[in-house]
Amino acid sequence: MINRVLIRLKIIQIIYAYYQNGEGNLEKAEKELFFSLSKAYDLYNYLLLLMLEITKYSAKTLEATKYKKNTSSEETPNTKFVNNLFIAQLAMNKSLGQFVATQKRNWTADTELLKHLYEQIMASDIYKEYMATPEISYEGDREFWRKLYKNIIMSNVRIDEILEDQSLYWNDDKEIVDTFILKTIKRFTPENGAEQEILPEYKNEEDKEFASHLFRRSILNADYYKHLISENSKNWKLDRVAVMDVLLMQVALAEILSFPNIPVNVSLNEYVDIAKLYSTPRSGGFINGTLDGIVKRLKAENKLNKA
């Protein structure tokens, strides 16, 4: 689940903190990097659990309503939502069950949020269309939850507030993690039952090595990268360039010079996009122009080896 987009973001955050703290403990900072990445994977599991908790809240509400109104057999409520086939499979997923057992984390205390989400879902056209369709199919149930997640859960401000209160590490993670939740929903098939695989923490060992290598190169070769930035910042002294802009270019150069298999344009685009999140409105153009100049110079001097 932890991809290189998330790794780059975390490295920027951790290196910024590394310089701000002034401790200079590389090993400690690297441990913090991987702890931060592991928290993103916790968030992934936690958001999968949210779909289960909404369904459980719905089941309790339905049961309470039935007793309150003393519903007759002729007025049996529609249980299609609470008996959703995709959710039933997710509820017995072994990997998710292990997360619950080890982390002891759930949404049961967030009753107001569950109530808010449930009411929002019930008021949606997605819910009304789903409940009005008599046919029941696994594919239809799975697609229903994909739509709910994409259109209601992803954009819910209350969820963001709760996550921010629970962990500082989750401030910037949810937007990326949400995309992986949608991918996970689409991957579920009824044949896999409880053995259905959810996304692993890392796609492969190479991505984990990428994180460590990029982090260390960014710090250990910082003087060289800053020298290149200073020489190619037209009419700008390095101390006049925004701190975050220098840091972004520093990490970008570490990637460009250390990973020959990653195309230069991929690296440039990634760090220009990060600049939109963490720096000034004009930073993207400045960073792109400066790095492009450095790359051209290094190529001319045969100092850049790219496949």
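**Charged residues**

Author: Asp160, Glu161, Glu164 and Asp165 form a negative surface patch. This is a predicted model, in which local features need pLDDT of at least 70 and side-chain atom pairs pLDDT 80 or more, while totals for chains, interfaces and linings use all residues. Residues are numbered from 1 along each chain as its sequence is written, and side-chain values use heavy atoms, without hydrogens and water.

Reader: What makes residues a patch?

Author: Patch residues have over 30% relative accessible area and no salt bridge, and like charges are joined within 9 Å. Asp and Glu count as negative.

Reader: Why is Asp165 called exposed?

Author: Exposed means over 50% relative accessible area, buried under 20%, and partly exposed in between (1.4 Å probe, protein chains only). Asp165 has 69%, so Asp165 counts as exposed. Asp165 lies in helix α8 (residues 157-166).

Reader: Why is the contact of Lys10 with Asp173 called a salt bridge?

Author: The term requires a side-chain nitrogen of Lys or Arg within 4 Å of a carboxyl oxygen of Asp or Glu. The closest N and O atoms of Lys10 and Asp173 are 2.9 Å apart, so the pair is a salt bridge. Lys10 is in helix α1 (residues 4-21) and Asp173 in the loop between α8 and α9 (174-187), 163 residues apart.

Reader: Why are Asp178 and Lys174 called buried?

Author: Asp178 has 2% relative accessibility and therefore counts as buried; Lys174, at 5%, also counts as buried. Their side chains meet in a salt bridge at 2.8 Å, N to O.

Key
Patches are made of residues with over 30% relative accessible area and no salt bridge: like charges are joined within 9 Å, nonpolar side chains (Val, Leu, Ile, Met, Phe, Trp, Tyr) within 5 Å. Accessible areas come from the Shrake-Rupley method with a 1.4 Å probe; for residues, only the protein chains shown count as cover. The place of a charge is taken as NZ of Lys, CZ of Arg, CG of Asp or CD of Glu. Helices (H or I, at least four residues) and strands (E, at least two) are DSSP runs, numbered from the N terminus.
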